[in-house]
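Reader: Hi! Could you walk me through this one while I have it open on my screen?
Author: Happy to, just ask as you go.

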Amino acid sequence: MFVRNLAIALASGTFMVMPDVASAVPATVPNLISHRAVYDLELKDASDRSGIEGMTGRMVYEFTGSSCKGYKTDFRFVTQINTGDAVRLTDQQTTTFEDVASKKFTFETKSFTDDKLDKEVTGSAADDNGAMKIDLTKPDVRKVDLVAGEFPTEHMVQVIENAKLGKRIFESRVFDGSDDGDESLITSTLVGKEQAPTDGDADAGKAGDFAKTPFWPVTIAYYNDKAGADSLPIYRMSFKLYDNGITRDLTMDYGDFVLTGKLAKLDILKPESCDNQPVR
């Protein structure tokens, strides 16, 4: 689960020169498990420029499907932001469906502030002979052509497979339908060596049957095409990743402020059989 949908401004960090590492999705797809994960969010750090004095929230991520039928993601990100002068409630709701085999992707996002709809973005994307074709229906109807890239589940598969192969650093281009749904981002991914949970790892206990399962520490930085080679990432996310796609112990760095996400509850959902109906 790679969350990049909270539309916030600047980020900090440095651009890294990436080695030439193959980024194609492998022929065998990891056993991604259907699950619902709930994360409690807290403000870790905020600069004076952010105007934020406090922030709490909750994130709910539900991932279902199979490699043969496609994968559906339902995602909700709710935060309460205290600026000192006012308290604002933001609520982002996103649903996507990704057919890994045919490289097709649909997305719908609604963003609310204080229960009032601010923005709605819906559309679809498809790989067309090595290029990416975007059809947007909201907020306006238009078509966008982008260079070839990957969708979120493809990218997750790539990270897991590279981790298994011991490839620690690589670059990709990812389209997830976020923001205005009309651009992809370059990502640089750093995967640490496989680790086992320690006795003091409180977050591991919430992982249930996977509490003692090894994981990889992962950091992904996102860059847009408008920035130069020495640009800063617009967003950076770190987390602990299991080989079945479950993540925990999140850190989301938006530059002017940083949020942490601790796993509060994990439900393993019924596997999607290839004999069943599609998850659409």
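This is a predicted model: local features need pLDDT of at least 70, side-chain atom pairs count only at pLDDT 80 or more; totals for chains, interfaces and linings use all residues.

Reader: Thanks. How far apart are the ring centres of Phe105 and Phe151, and at what angle are the planes?
Author: For Phe105 and Phe151 the centres are 5.0 Å apart and the planes are at 10 degrees, so this pair is stacked. The pair links distant parts of the chain, 46 residues apart. Phe105 sits in strand β5 (residues 104-113), while Phe151 is in the loop between β8 (142-147) and α1 (152-165).

Reader: Why does Phe105 count as buried?
Author: Phe105 has a relative accessibility of 1%, and buried means under 20%. Phe151 is buried too, with a relative accessible area of 1%.

Reader: Which residues make up the aromatic cluster there?
Author: Phe105, Phe107, Phe151 and Phe175 form one aromatic cluster.

Reader: How many aromatic pairs are there in the count?
Author: The count comes to 13 aromatic pairs. One of them is Phe105 with Phe107, where the ring centres are 6.0 Å apart and the planes are at 25 degrees, so that pair is stacked.

Reader: Good. Changing topic to packing, which residues touch the most other members of the largest nonpolar core?
Author: Those are Tyr39, Phe77, Val218 and Met252, in a core of 42 residues. Helix α1 gives the most to this core, with five residues. There is also a second, separate core of 11 residues, which includes Phe107, Ala125, Leu136 and Phe175.

Reader: Now charges, please. How many salt bridges does the structure hold?
Author: The structure holds 23 salt bridges. Among them is the one between the side chains of Arg36 and Asp267, at 3.6 Å from N to O.
Author: Arg36 counts as partly exposed at 28% relative accessibility, and Asp267 counts as partly exposed at 24%.

Reader: Which strands does β1 pair with?
Author: Strand β1 (residues 35-46) runs antiparallel to β14, with 11 bridges joining them. Within that pairing, Val38 has Lys265 in β14 as its bridge partner. Strand β1 also runs antiparallel to strand β2 (residues 54-66), and eight bridges join those two. There, His35 stands opposite Phe63 in β2.

Reader: And what comes after β14? Where does Lys270 lie?
Author: Lys270 lies in the segment after β14 (257-268). Lys270 is exposed, with a relative accessible area of 73%. The C-alpha atoms of Lys270 and Ser34 are separated by 6.8 Å, although these residues are 236 residues apart along the chain.

Reader: Back to salt bridges. What does Glu161 form with Lys164?
Author: Glu161 and Lys164 form a salt bridge, with the closest N and O atoms 3.9 Å apart. Both residues lie in helix α1, three residues apart, which is about one turn of the helix. Glu161 is buried, with a relative accessible area of 15%, whereas Lys164 is partly exposed at 46%.

Reader: How close are Asp201 and Lys240 in their salt bridge?
Author: The side chains of Asp201 and Lys240 meet at 3.3 Å, N to O. Asp201 lies in the loop between β10 (185-191) and β11 (216-223) and Lys240 lies in strand β12 (residues 235-241), so the pair ties together parts that are 39 residues apart in sequence. Asp201 counts as buried at 13% relative accessibility, and Lys240 counts as buried at 17%.

Reader: Which residues are linked with them in a network of salt bridges?
Author: The network links Asp201, Asp203, Lys240, Arg248, Asp249 and Lys262.

Reader: Last one: where does Arg248 lie relative to Phe215?
Author: Arg248 lies over the face of Phe215, at 5.0 Å from the ring centre.

Methods:
Residues are numbered from 1 along each chain as its sequence is written. Side-chain values use heavy atoms; hydrogens and water are left out. Helices (H or I, at least four residues) and strands (E, at least two) are DSSP runs, numbered from the N terminus. Buried means under 20% relative accessible area, exposed over 50%, partly exposed in between (1.4 Å probe, protein chains only). Two strands pair if DSSP finds at least two bridges between them. Rings of Phe, Tyr and Trp (its six-membered ring) pair if their centres lie within 6.5 Å; planes under 30 degrees apart count as stacked, over 60 as edge-to-face and the rest as tilted. A charge sits over a ring if NZ of Lys or CZ of Arg is within 6 Å of the ring centre and within 35 degrees of the ring normal. A salt bridge is a side-chain nitrogen of Lys or Arg within 4 Å of a carboxyl oxygen of Asp or Glu. A nonpolar core is a set of buried Ala, Val, Leu, Ile, Met, Phe, Trp, Tyr and Cys residues joined through side-chain atoms within 4.5 Å.
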